[in-house]
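Dear colleague,

I am handing over the structure we spoke about, and below it I have set out what was found in it. Please keep in mind while reading that this is a predicted model.

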Amino acid sequence: MASKACRIRWMMPRTRVERKARHSRVFSGTQDGTGDVLKTLQMRGLVETTTGDEALQLHCKEKRVRVYCGFDPTADSLHLGNLLGIVVLSWFQRYGHEPVALMGGATGRVGDPSGKSMERPLLDEEELESNIESIGNALNRIMGREVKLVNNLDWFGDMGFLEFLRKVGRYARIGTMTAKDSVKSRINSEQGMSFAEFSYQLLQGYDFVHLMKNEDVTVQIGGSDQWGNITAGTDLIRKMLRREGAHGLTFPLLVGSDGKKYGKSEDGAIWLNSDRLSPFKFYQYLYNTPDADVIRFAKMLTFLPLEEVSALEQSMVRCSIQTVPSN
């Protein structure tokens, strides 16, 4: 409890001047002085894998790029795990790049098998459309109107099965598709894997093709479980568009020091929408974060300058020393 009190004392500026200074530092754009978004993400523990560090770093320094992250409308609210994707998009935005959020109006009708032990239940179209609208509104509230929202149903909706096979399927190789970790784990499981789920990586891969061709999007980001889907996209771009310059980046999944996925409570997911979870309960969940995870999550989930995160860490160490009982 003493270390929690230290966190609160440090996190809550006491005076109006302190609050204004904190706000200025947190929202002042690029904060480490490097002008290098990839380096900033790496320093904050927000990079798991890239398609090539040097190439991505150079690409982002050469020009203003468009970067996208996909959100499947499986619920009417995003949850704490989705916040990492929003944070990474926001870091690109702070460095002058253009964020694009893709709503899975088409892929949500299939369901992403990545990280799942069984097939997701299918939602009806009315529920999907309602979820897409709700998630889009939430992203606009969090990131501002600068984020561009797209829906992959716009390009898949009128595409027939034969057209998809002729246009996309002819470039896919079964050996490559079955070698993906998300596919191997499901094929060898008791539940198995449906053809619809198996085809998901081609749908997401073609999203990247379409966005690069029509929106000049050159970077895709996603959780570490999305690596196979992201590389499916970069591979299709090389084959279908005969172009290089497509880049991918994954960030770690939000996992606590105990190895459990962070963002779940006894009552279910930690939702971002206040009508699904009250701000008080959201605050309480974060407040009860174990000390072992506080600094790592402060780097990953906030925009606090790293020197301030370091100051918090030192404050917590001092508090823990002060509360050690003497013999």
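The chain has 16 helices and eight strands, and of its 327 residues 47% are buried. Among the contacts with a sequence separation of 6 or more, 78% are between residues 24 or more positions apart.

Six strands form an open sheet with mixed pairing, in the order E1-E6-E5-E2-E3-E4. Its edges are strand E1 (49-50) and strand E4 (148-151), each of which pairs on one side only. Within the sheet, strand E2 (residues 66-71) runs parallel to strand E5 (residues 217-223), the two being joined over four bridges, and Cys69 stands opposite Ile221 in E5.

Helix H5 packs on this sheet, where it touches E2, strand E3 (98-103), E5 and strand E6 (247-251), and its direction makes about 170 degrees with that of E2. Helix H13 (residues 227-241), for its part, lies across E1, E5 and E6, and runs at about 175 degrees to E6.

H5 also has a helix partner, and here the geometry may be of use to you. Helix H5 (residues 80-94) packs against helix H6 (residues 125-143) with an angle of about 45 degrees and with the axes 11 Å apart. Because an angle under 35 degrees would count as roughly parallel and one of 65 to 115 degrees as roughly perpendicular, the pair H5 and H6 is classed as oblique. The crossing in which H5 passes H6 is right-handed. On the H5 side the contact is made by Ile86, Leu89, Ser90 and Gln93, which meet Leu139, Ile142 and Met143 in H6. Sorted by class, this contact of H5 with H6 contains five nonpolar and two polar residues, and no charged ones.

Is Lys213 buried or exposed? Its relative accessibility is 58%, and because the cut-off for exposed is over 50%, Lys213 counts as exposed. Leaving aside residues up to four places away in sequence, Lys213 touches Leu241 and Arg243. In the case of Leu241, the C-alpha atoms of Lys213 and Leu241 are 7.8 Å apart in space, while the two residues are 28 residues apart in sequence.

Conventions
Residues are numbered from 1 along each chain as its sequence is written. This is a predicted model: local features need pLDDT of at least 70, side-chain atom pairs count only at pLDDT 80 or more; totals for chains, interfaces and linings use all residues. Side-chain values use heavy atoms; hydrogens and water are left out. Axes are lines fitted to C-alpha atoms, for helices over the stretch in contact, and angles run from 0 to 180 degrees between N-to-C directions. Angles under 35 degrees count as roughly parallel, over 145 as roughly antiparallel, 65 to 115 as roughly perpendicular and the rest as oblique. A crossing is left-handed if the near helix is turned anticlockwise from the far one by less than a right angle, and right-handed if clockwise. Contact means heavy atoms within 4.5 Å. Ala, Val, Leu, Ile, Met, Phe, Trp, Tyr, Cys and Pro count as nonpolar, Asp, Glu, Lys and Arg as charged, and the others, Gly among them, as polar. Two strands pair if DSSP finds at least two bridges between them. Buried means under 20% relative accessible area, exposed over 50%, partly exposed in between (1.4 Å probe, protein chains only).
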